[in-house]
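Please keep the model open while you read.

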Amino acid sequence: MALSRRLRLMAHPWRLAVERLPRDAALPLPSSQDGLFAVVRTQESLTVVREADEAFTGTVWRALEVAGPFPFSESGVLAAVAGPLAEAGVSIFAVNSYETEYVLVQEPDLERARTALEQVGHLLA
């Protein structure tokens, strides 16, 4: 069942890197206790989301946090955000925590993402 209420989201100031490392790479440590840090290991690779430091030259991502928490039984939370962004041509990288959802958008697309979400009634801070 689709989510029918408006969601509250917060655009964080974090400038994030999404990196693909070899599957057998050592688990990296976060550079600080602030911000967002995530690691996912699969059979193919090790994916790391971390702060983009000064030496980082790849695509910088920005985090939109969906105000949670949401019970595991609640469906459609990510779809309520991803759908309008897809219609606006904004690519996402989703990261979930136990408490909420984070939708990462490429930094140049942040304002377009904000506009698309507000147009469907979501509230952004």
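Contact here means heavy atoms within 4.5 Å. With that in mind, note that this is a predicted model.

Asp109 sits in the loop between strand E7 (101–106) and H2. Is Asp109 buried or exposed? Its relative accessibility is 13%, so Asp109 counts as buried, the cut-off for buried being under 20%. The side chain of Asp109 also makes a polar contact of 2.7 Å with the side chain of Arg112.

Now to the helix itself. Leu110, Ala113, Arg114, Ala116 and Leu117 are the buried residues of H2. Viewed down the helix axis, these buried residues lie within an arc of 165 degrees, so they line one face of H2. In general, an α-helix has 3.6 residues a turn, so residues three or four places apart point the same way. Glu111 and Gln119 are exposed, on the face of H2 turned away from its buried side. After H2 comes Gly121, with a positive phi near 100 degrees.

What do the buried residues of H2 pack against? Their partners are strands E1, E5, E7 and E8, together with helix H1.

| Feature of H1 and H2 | Value |
|---|---|
| Approach of the axes | within 9 Å |
| Crossing of the axes | roughly 120 degrees |
| Handedness of the crossing | right-handed |

From H1, Val81, Pro84 and Leu85 meet Ala113, Ala116 and Leu117 of H2. By class, this contact has six nonpolar residues, no polar ones and no charged ones.

Terms used:
Residues numbered from 1 in each chain as written. Predicted model: local features only at pLDDT ≥ 70, side-chain atom pairs only at ≥ 80, totals over all residues. Heavy atoms only, no water. Helix = DSSP H or I, 4+ residues; strand = E, 2+ residues; numbered from the N terminus. Buried < 20%, exposed > 50% of the residue type's maximum accessible area, 1.4 Å probe, protein only. Polar contact = N/O pair within 3.5 Å; in protein donor to acceptor, adjacent residues only side chain to side chain. Arc of directions from axis to C-beta. Axes fitted to C-alpha atoms, helices over the stretch in contact; angles between N-to-C directions. Left-handed = near helix turned anticlockwise from the far one by under 90°. Nonpolar A, V, L, I, M, F, W, Y, C, P; charged D, E, K, R; others polar.
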